[in-house]
Structures are given as structure tokens and as C-alpha cells.
Amino acid sequence: MATAFHPLPNLFDAFHALLDRLAPRAAPAHPPRTPVQRPVWNGPVRQPPARPQPARALRIVRLVEPSASRAVAGRMVISGRMADVCAELDRMAALESRAA
């Protein structure tokens, strides 16, 4: 099978070259982007020290039913930091052991 010579693609290339000479291409609408500059320091970033948080108070709520006698402790809700709640429970256990 013989390969035929196609003058048409060569004619288009010559035509585009002539157009480029006669009418230069317009500048792009947006300026070219500059690459992002990387910081010189690639080490760990130090965060500023956190401000100390004010200590939250331990909150103890006792719910006593009006029909219950004084000997019944009722229900209790203790909220706060875990260390404070545990310390309060230890204090209450020590008071109960002294009373008994």
C-alpha cells in the first residue's frame, strides 16, 4: 500500500505561520501566575502558650424528695473536673466512715 502525499496539512501550517506574522497573538487577559513562595523555615511551628483557663467550681446538687425522711440521702448530682469530683467523693466517704 502506497502512502499518498497530502499537501493540505502543509498548506494549513503555512497559512498559520503567515497569520502569526501578520497578526500577533493578543496578550492573555490575566497576568501569568507566579509560583507560591515556600517559607525558608520548614521546622515545627510553635503555638503561643494557651491562656490558663479559670478553674471551674465543683457543682453539687442534692435532690431530696419531700416525702422521704431525713435519714434517706436522696439523689445527688456532682459535676466538674474529674479530679475535683473524685476528691469530693473521697471527702464524702471519709465523712461517712467517721459518722458510722
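Glu88 lies in helix α2. This is a predicted model, in which local features need pLDDT of at least 70 and side-chain atom pairs count only at pLDDT 80 or more, while totals for chains, interfaces and linings use all residues. Residues are numbered from 1 along each chain as its sequence is written, and side-chain values use heavy atoms, with hydrogens and water left out.

The protein chain contains 2 helices and 2 strands. Helices (H or I, at least four residues) and strands (E, at least two) are DSSP runs, numbered from the N terminus. Read from the N terminus on, the order of elements in the protein chain is α-β-β-α.

Confidence is given as pLDDT, the predictor's confidence in each residue, from 0 to 100. The average for the protein chain is 77, and 80% of the residues score at least 70. Among the elements, helix α2 (residues 82-99) has the highest mean pLDDT (91), and helix α1 (residues 7-22) has the lowest (74).

The accessible surface of the protein chain comes to about 10500 Å², and 62% of this surface belongs to carbon and sulfur atoms. Such areas come from the Shrake-Rupley method with a 1.4 Å probe; for residues, only the protein chains shown count as cover. A residue is buried under 20% relative accessible area, exposed over 50%, and partly exposed in between (1.4 Å probe, protein chains only). Of the 100 residues of the protein chain, 2% count as buried.

Glu88 is buried, because its relative accessible area is 11%. Which residues touch Glu88, leaving aside its neighbours within four places in sequence? They are Leu58, Ile60 and Ile78, where contact means heavy atoms within 4.5 Å. Across the protein chain, 19% of the contacts between residues at least 6 apart in sequence join residues at least 24 apart.

Side chains of opposite charge can pair when their charged atoms come close. A salt bridge here is a side-chain nitrogen of Lys or Arg within 4 Å of a carboxyl oxygen of Asp or Glu. By this rule there are 2 salt bridges.

One of them joins Glu88 to Arg91, with the closest N and O atoms 2.5 Å apart. Arg91 and Glu88 are 3 residues apart in helix α2, so about one helical turn separates them. Arg91 is partly exposed, at 41% relative accessibility, whereas Glu88 counts as buried.

The other salt bridge is between Arg81 and Asp84, whose closest N and O atoms are 3.2 Å apart. Arg81 is exposed, with a relative accessible area of 53%, and Asp84 is partly exposed at 25% relative accessibility.
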